[in-house]
Amino acid sequence: MRNLSNRRTRLHWARLWAIALAFGLVATACGSGDDEDTEEPPVTTEAMADDMDDMDDDMDMDDDMDMDDDMDDMDMDDDMDMDDDMDDDMDDDMDDMDDMDDMDMDLSGTRVTVFGPESSEQEAGAMQDALDVFAAKTGIEIVYTGARDFSDQINAQAAGGNPPDIAVFPQPGKIGDFGAEGWILPIHDDVKASVETQWPAGTLDTVTFGGTLWGVPNKTDLKSIVWYNTSIFESGSYSTPESLDELQALTLQMISDGVTPWCVGIESGPATGWPFTDWMEDLVLRLEDENVYDQWVAGELPFADPRITNVAEFVLALWNLPGAIYAAGGSVAATPFGDNGEPLVAGDCAMHRQASFFAAFLPEGTGVGPGQEIDVFYFPADAAKGNRPVLTAGTYVSAFRDAPEVWAVMEFFGSAEYAEARQAAQADRQGGGQSGFLSANLNQNLSVYNDLEQSFVEILQTASPARFDGSDLMPAAVGAGAFWTEGTSAVNGDKSIAEAFAAIDESWPQ
């Protein structure tokens, strides 16, 4: 039976949207403010494209884009149990390892290669800087290589028998595939014991398949936040909302006051539609719960289920509410998600729901944080439930080679020491301000983060529950395919929600 509190919340919001519509609030869906004509999306200059490319490795949607072709032939339903002989071999080798609780072991003369998707000077450079700290303590030569087409390359390398020692995966589902193929190794018990106490509950569940842990977390992105223009809030005497009802009331009050509450854009080239999936995922956790979320992501609950379609109706009712949305490109689907930074700062809208990496899309020199031009609040939940759901993304490392030096580096990746070294290095390479790196490691010294970043880490560490980005966990044909394209069709009005979601269900691998 559906939770009555959830139903009342949805009905309450729906009635308020309907009341607002009945009073004929003036639509301001296009960025120019013209009545019906929509503008063409802004032309992307070469410089803008370069800036966007630099952000690829931080964003889950670009990572999703690389999952498909080579993985299509892989059976997601394969038994995750590894062959007994491989387990026996691994146990024999592990018996020779020293206790890895002490990070200061001497492994001079050994070499470990690491391959991942982060390739910019700031991100790849900062990762190498952090690994160099560990190399200096242990004597291991550690070499990181990054590539934007990591997902395609790692497929070919693993299938060809020449993978790196360690790979940095943005998609947990891909780790499950590689475990099923026997390409990566189960995480050694010593590493698991060291890492599992340092991360929030549920973090390791994301890369546990068939009862076996296959990856170690090394980076976390926070998605359940709302960026807001502090001047608009101050001049309107608006308070940051503590519940969904308060967020609803704030939205309607702003419209009544002549303020456009939200900037929204879901355009992202071939990945167009992923911001819609993020809104859906956040609100499934809020309007329903983590159990419904888990069933939906696993394919046990279809998109056509009323609990999922109701969430989509909730999102689109907001986006279609006259006066609620500013879309710089003329429509939500034509507005690049990164183009919401300038209008937010300029006051064309008051709020924008986007992940922690959004700071990089704000105009250069924008003050961010408490008392600055732009600040952030937690995307509120249902007050009646008393929980604090958080949507995350991030990367995990997995091992291809069984050796003491490899497991030592794997353990380091999951440690507070790595998080602190990586954050300090990346902030330095960024010239101060927002680094773009976050870790939810519970033991890290938060002084390496600025005030805003510390608030992000606090949200991650106090999540109840935390869930990984659903589209990253779904099969690529669904999460990075039909969910994006059919979701965009529903946003545009080309299809009804029922039609779009039926098509998504049909895309699920049989």
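# Buried strands, paired rings and charges

Modeller: In this predicted model, strand β7 sends I225, W227 and N229 one way and V226 and Y228 the other, and all of these residues are buried.

Biologist: What makes strand β7 mostly covered?

Modeller: Strand β7 runs over residues 225-229, and five of its five residues are buried. The word buried applies under 20% relative accessible area.

Biologist: Why is the pair C263 and C349 called a disulfide?

Modeller: The sulfur atoms of C263 and C349 are 2.0 Å apart, and the cut-off is within 2.5 Å, so the pair qualifies as a disulfide. A search of the whole structure finds one disulfide.

Biologist: What is the handedness of the disulfide of C263 and C349, and why?

Modeller: The torsion about the S-S bond of C263 and C349 is about -105 degrees, so this disulfide is left-handed.

Biologist: Is C263 buried or exposed, and how do you know?

Modeller: C263 has a relative accessible area of 1%, and the limit is under 20%, so C263 is buried. C349 is at 0% and counts as buried too.

Biologist: Why are F233 and Y238 called an edge-to-face pair?

Modeller: The ring centres of F233 and Y238 are 6.0 Å apart, and their planes stand at 85 degrees. Rings pair when their centres lie within 6.5 Å, and planes over 60 degrees apart count as edge-to-face, so F233 and Y238 meet both conditions. Both residues are buried. The structure holds 29 aromatic pairs.

Biologist: What makes Y293 and W296 edge-to-face?

Modeller: Their centres are 5.9 Å apart, with 75 degrees between the planes, and the angle needed is over 60 degrees. Y293 and W296 both lie in helix α13, three residues apart, which is about one turn of the helix. Both are buried. Y293 and W296 also belong to one aromatic cluster, whose members include W262, F276 and F501.

Biologist: How do you know that R388 lies over the face of Y378?

Modeller: R388 is at 4.2 Å from the ring centre of Y378. The distance limit is within 6 Å, and the charge must also be within 35 degrees of the ring normal. R388 is placed over the face of Y378.

Biologist: Why is the contact of R429 and D129 called a salt bridge?

Modeller: The N to O distance between R429 and D129 is 2.7 Å, and the cut-off is within 4 Å, so the contact counts as a salt bridge. R429 is in helix α17 and D129 in helix α6, 300 residues apart. R429, at 32% relative accessibility, counts as partly exposed. D129 is partly exposed as well, at 26%.

Biologist: What makes D278 and K223 a salt bridge?

Modeller: The closest N and O atoms of D278 and K223 are 3.1 Å apart, against a limit of 4 Å. D278 lies in helix α12 and K223 in the loop between β6 and β7, 55 residues apart. D278 counts as buried at 1% relative accessibility, and K223 is buried with a relative accessible area of 0%.

Biologist: How many salt bridges does the structure hold?

Modeller: There are 14 salt bridges. E118, K219 and R422 are linked in a network of them.

Definitions and conventions:
Residues numbered from 1 in each chain as written. Predicted model: local features only at pLDDT ≥ 70, side-chain atom pairs only at ≥ 80, totals over all residues. Heavy atoms only, no water. Buried < 20%, exposed > 50% of the residue type's maximum accessible area, 1.4 Å probe, protein only. Helix = DSSP H or I, 4+ residues; strand = E, 2+ residues; numbered from the N terminus. Phe/Tyr/Trp six-rings, centres within 6.5 Å; stacked < 30°, edge-to-face > 60°. Salt bridge = Lys/Arg side-chain N within 4 Å of Asp/Glu carboxyl O.
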